[in-house]
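Here is my note on this structure. Please keep the sequence and the 3D view open while you read.

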Amino acid sequence: MKKQVLTNGILPKIHMERPLIFLLIVGALIGVGIILSFYGAQLATQNLTVKEENLDPGSSMEVIVELDPSIGETGVYGILIAKFEENMIYASVFDPLGSQILLKTVDKESTEERFKIGSSGSYKMVIENAGLEETQIVVGIGYMPDRNTLSIGIVGFYILVVGLIGMGGIGVYTIRNRRKEKFN
């Protein structure tokens, strides 16, 4: 095997090109992954009605949204809670006729639940704070995104992971080559 020699402290051109090409490819993968992840998240949440409120102890908030089963048969809501107290936040969903179709005790800081959209009209979600402290709550309710929409974000996430693994691989490759050159 031919021994490569340093010329004026500069590595031969071939050793500089390979990591640079890998770095550009991995950088592109990371960029594409980030863009697809954000785009997928934006598509998934664009049809949600979102409300944020500080909920005092013993009080409730309502979110009303118009839903139609001809557009989507499954509804979804998501709740984010800033100061979480176990078994102190309750979520209810009512159909256009006023019948309660879902009642859930929120058991973690971030909760998502699906429900069937049976008829067209105004669906109401009620969040109650039975705790002893004021709690900041963010609620989103609307149609469950379709599989294609969700897959964009998932594919973006996997591309991002591959790019990050590639970045680690480039680091290992570069370190190994520098050690080889150091000992040669």
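1. Start at one loop. Ser-99 sits in the loop between strand 4 (89-94) and strand 5 (100-106). Helices (H or I, at least four residues) and strands (E, at least two) are DSSP runs, numbered from the N terminus.

2. A word on the source. This is a predicted model: local features need pLDDT of at least 70, side-chain atom pairs count only at pLDDT 80 or more, and totals for chains, interfaces and linings use all residues. Residues are numbered from 1 along each chain as its sequence is written, and side-chain values use heavy atoms, with hydrogens and water left out.

3. Buried means under 20% relative accessible area, exposed means over 50%, and partly exposed lies in between (1.4 Å probe, protein chains only).

4. What does Ser-99 touch? Leaving out residues up to four places away in sequence, Ser-99 touches Val-93 and Phe-94. A contact means heavy atoms within 4.5 Å. Asp-68 is 31 residues from Ser-99 in sequence, and their C-alpha atoms are 16 Å apart in space.

5. Now the whole chain. The protein chain has 2 helices and 8 strands. Along the sequence, the pattern is α-β-β-β-β-β-β-β-β-α. The radius of gyration is 26 Å, well over the 16 Å that the globule rule gives for 184 residues, so the protein chain is more spread out than a compact globule. That radius is taken over C-alpha atoms, and the rule is 2.2 Å times the number of residues to the power 0.38. The C-alpha trace spans about 80 × 40 × 20 Å along its principal axes.

6. Look at burial and contacts. Of the 184 residues, 28% count as buried. Take contacts between residues at least 6 apart in sequence: 81% of them join residues at least 24 apart.

7. Next, strand 3 (residues 74-81). Strand 3 runs antiparallel to strand 6 (residues 110-116), and 7 bridges join them. Two strands pair if DSSP finds at least two bridges between them. Tyr-77 stands opposite Glu-113 in strand 6. Strand 3 also pairs with strand 8 (residues 135-143), in the antiparallel sense, over 7 bridges. There, Ile-79 has Val-139 as its bridge partner.

8. One general point to keep in mind. In a regular strand, side chains alternate between the two faces of the sheet.
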